[in-house]
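Work through the exercises below with the coordinates open. Each task is followed by a stepwise solution.

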Amino acid sequence: MTTVVSARTSAELIGAEEPVLAHNYHPLPVVVARAEGAWVEDVEGRRYLDMLAGYSALNFGHRHPALIEAAHRQLDRLTLTSRAFHNDRLAEFAERLAALTGLDMVLPMNTGAEAVESAIKVARKWAYDVKGVPADRATIVVAAGNFHGRTTTIVSFSTDEVARGGFGPFTPGFRVVPYNDPAALEAAVDDTTAAVLIEPVQGEAGVIVPDDGYLAEVRELTRRAGCLFIADEIQSGLGRTGRTLAVEHESVVPDMVLLGKALGGGIVPVSAVVARREVLGVLRPGEHGSTFGGNPLAAAVGTAVVELLETGEFQRRAAELGEVLRAGLESLVGKGVVGFRARGLWAGVDVDPALGTGREISERLMREGILVKDTHGSTIRLAPPLTVTAEEVQGALHTVGKVLAGQV
Ligand SMILES: Cc1ncc(COP(=O)(O)O)c(C=O)c1O
């Protein structure tokens, strides 16, 4: 990586943002100018190991050569048609993504929240057209602690007051039950239920991994109740947990799987609803759409992402490196780490609150060349690109240990 020298310093650039950017984020005080693989570089040329990886949008690292090449090739040919016309990249993307996930049909969108919104619409339409729920009575059961995005409908069923407070009136038609509680789920499902929508691992909530058997029970009870199982794999999917999809840990096939983040290879926003034909088949021309969804640039990058996953290499790496991460975190328990949850190369780490908030710990780690993000309270999330090496993971955990011990 050649060092970038910017005309303005980090401090100047951060100061320049303040008056003109909406304050809906509170970024760490680092100004990234360049990146490659698992490493980023700030405007002063300082290097950091990226242990957040764009909330898992960068599963393949920054600027993976195969993905950059696919994007370059497509940029030189065709970037956008809208779905008013066909484009020569979309069919292959849809075919290969459906095959990768073991499902039949694909609805291409752009952001994660759009995929979730699309799935809600499809589930409701399915409930009216196929299940026979009376008009406007369909319900969707979701889990407490969920994070599915930021639109008005999605925050309507959030249990996080920061995410939802002040944004009402809210969209009706959702029932919230505790996560990881099949009995509560079963009690909430009735003849009006179109779907159960859950994250197989709750990412934003702090990498909450449900008990073994929970996902299989959700599959079984939704089947019995005659409603759909929608798995939001926007953060957990595409290699992160050591499998292509996190539901594979329990050999479960949902009716709809939602993908996003890493599907765009860290280059363009690409999301998708992937589903059984009987489910996505309810949509007719004009009932749903997106100007950018399925554009040829997105399809080209998405196809290159699927191609990387078809090799199985990244899923394998996530599983193997996940063991390194787990072993390193276990050695920190009692030394500043109160507890942690991990699946694949993904961990939520609860730090002793006496040592600082998650934000403070993240700032101290940043000063030591490690970029992480806190979730709630004193929990930090570790999710490096799947291209990171075992030595880099061990080095990062060594630094975490030093920071928690107050040695730096
Ligand atoms: C599980 C899950 N669903 C949906 C979303 C929303 O994705 P986006 O920010 O692309 O709208 C996120 C983002 O963090 C997520 O983690």
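**Exercise 1. A buried arginine**

Which backbone oxygen lies 2.6 Å from a polar atom of the side chain of Arg240? Then describe the setting of Arg240.

*Solution.* This is a predicted model: local features need pLDDT of at least 70, side-chain atom pairs count only at pLDDT 80 or more, and totals for chains, interfaces and linings use all residues. Residues are numbered from 1 along each chain as its sequence is written, and side-chain values use heavy atoms, with hydrogens and water left out.

Step 1. The backbone oxygen is that of Leu345.

Step 2. The side chain of Arg240 also makes a polar contact with the side chain of Ser56, at 3.0 Å. A polar contact is a pair of N or O atoms within 3.5 Å; within protein, one must be able to donate a hydrogen and the other to accept it, and residues adjacent in sequence count only if both atoms are side-chain atoms.

Step 3. Arg240 lies in the loop between strand S8 (228-232) and strand S9 (256-259). Helices (H or I, at least four residues) and strands (E, at least two) are DSSP runs, numbered from the N terminus.

Step 4. Check its cover. Arg240 has a relative accessible area of 0%, so it is buried. Buried means under 20% relative accessible area, exposed over 50%, and partly exposed in between (1.4 Å probe, protein chains only).

**Exercise 2. The ligand shell**

Step 1. Take the oxygen side. A backbone N or O atom of Gly112 lies 2.8 Å from a ligand oxygen. A polar backbone atom of Ala113 is likewise 2.8 Å from an oxygen atom of the ligand.

Step 2. A polar side-chain atom of Asp232 sits 2.7 Å from a nitrogen atom of the ligand.

Step 3. Get the cover. The ligand alone exposes 390 Å², and the protein buries 81% of that. Such areas come from the Shrake-Rupley method with a 1.4 Å probe; for residues, only the protein chains shown count as cover.

**Exercise 3. Aromatic pairs**

How many aromatic pairs does a search of the whole structure find?

*Solution.* Step 1. The search finds three. Rings of Phe, Tyr and Trp (its six-membered ring) pair if their centres lie within 6.5 Å; planes under 30 degrees apart count as stacked, over 60 as edge-to-face and the rest as tilted.

Step 1. Take Phe157 and Phe174. Their ring centres are 4.3 Å apart and their planes stand at 35°, so this pair is tilted. The two residues are 17 apart: Phe157 is in the loop between helix H6 (152-156) and helix H7 (161-164), Phe174 in strand S6 (residues 174-177). Both Phe157 and Phe174 are buried.

Step 2. Take Tyr179 and Tyr214. With centres 5.4 Å apart and planes at 70°, the pair is edge-to-face. Tyr179 is in the loop between S6 and helix H8 (182-188), and Tyr214 is in helix H9 (residues 214-225), 35 residues apart.

Step 3. Compute cover. Tyr179 is buried at 12% relative accessible area, and Tyr214 is buried at 2%.

**Exercise 4. Backbone exceptions**

Where is the cis peptide bond, and what is the phi of Asp136?

*Solution.* Step 1. Most residues other than glycine have a negative phi, and most peptide bonds are trans.

Step 1. The cis bond joins Gly168 and Pro169, with omega about 0°. Pro169 lies in the loop between H7 and S6.

Step 2. Asp136 has a positive phi near 65°. Its place is in the loop between helix H5 (112-131) and strand S5 (139-143). At 72% relative accessibility, Asp136 counts as exposed.

Step 3. Asn180 also has a positive phi, of about 65°. Asn180 is in the loop between S6 and H8. With a relative accessible area of 26%, Asn180 is partly exposed.
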